[in-house]
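Take a look at the model below. We will go through a few of its parts in turn.

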Amino acid sequence: MARKDLLDIASLHREEIEFLLDQSTSFKKLFTQSVKKIPALDGKSVLMLFYEASTRTHSSFEVAAKRLSAEVTNFDVAHSSITKGESVRETIETLQAMRTDYIVVRHSHPGLPGMIARQTTASVINAGDGAHEHPTQALLDAFTIKEKFPDPRGKKVLIIGDILHSRVARSTSTLLQKLGVEVAYLGPGSLVPKYVPATIPRFTDYEAAMAWAPDVVYLLRVQMERQDVQFFPSVREYHRVYGITTARLAEIRDRGLYIMHPGPVNRGVELCDAVMDYERSLITNQVENGISIRMAVLDWLTPGGEFPRQESTYATRQRISSPVIVP
């Protein structure tokens, strides 16, 4: 199925998700075999439209686009006419006149990437909209899990932390369930939504959640910037009750569980320093896999939507064994 935009996970069919994960495997093989650049998007342009600060997502998309030979333009919001009162719609009309092919957008307002997608023929990719969605993070999370569990059906992922404000929790839990993975939430009662899907157990006690027997412990960053009131007594107290302490890490090691975190990590809050050296920490894997997932997404989408997509993307067409290398 051809798509112009990637705005959320809920609208993706399982077949599309599996396709993107398979293509990510192919792209990862390409750049880990010293093939740093391929001409899949040669002549195409990618605009980075980030209204919120980002390091991992922004740099990952930029590297992915350049490895596909696309031209990348970073829109400097701080020095644009937006600071003079220009609306998002006026900005998009200006950018549309530049004939960009892809727009990667991050914004604090939920739904804004969708609004942009309706106003442009460019393919729009949601790189995070408020506390709503972060689809490529969910895809890279699933890809990382599938590397350890090729058939993840029936595996259990415990998501711990600020569920209420987390677009990652929403997107990743939705996608994992589409793949047959069981998901549960753990966090302070004030940070776990009262109404969650019936298929997702809701815990407020760490020991009770671990008795659920997860295979992966997924820690979320405590998003102080999205909290307009105090949701827990103190950072120290949060770490003691819900964080991965040295003692809890020892238990996790004994049970052979994997640890994930979307970053950036708040050390001493979600986890202790020793987690970064834990042999089953997948945090670095997530960063690396972000590039291949975003390469797959860029190659898959069809800007304009006026012509049919080929049955396979560049990675498949080249069969990996004989890639075309651009100097």
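Is D162 buried or exposed? D162 is buried, with a relative accessible area of 0%; buried means under 20% relative accessible area, exposed over 50%, and partly exposed in between, with a 1.4 Å probe and protein chains only. This is a predicted model, in which local features need pLDDT of at least 70, side-chain atom pairs count only at pLDDT 80 or more, and totals for chains, interfaces and linings use all residues. Residues are numbered from 1 along each chain as its sequence is written, and side-chain values use heavy atoms, with hydrogens and water left out.

D162 sits in the loop between strand 5 (156-160) and helix 6 (167-178). Helices (H or I, at least four residues) and strands (E, at least two) are DSSP runs, numbered from the N terminus. The D162 side chain makes a polar contact with the side chain of H165, at 2.9 Å. Such a contact is a pair of N or O atoms within 3.5 Å; within protein, one must be able to donate a hydrogen and the other to accept it, and residues adjacent in sequence count only if both atoms are side-chain atoms.

Now turn to helix 2. Helix 2 has twelve residues and reaches 16 Å from its first C-alpha to its last. That is close to the 16 Å expected at 1.5 Å a residue, where the expected span is 1.5 Å times one less than the number of residues. Its buried residues include H58, F61, E62 and A65. Just after helix 2, S69 takes a positive phi of about 75°.
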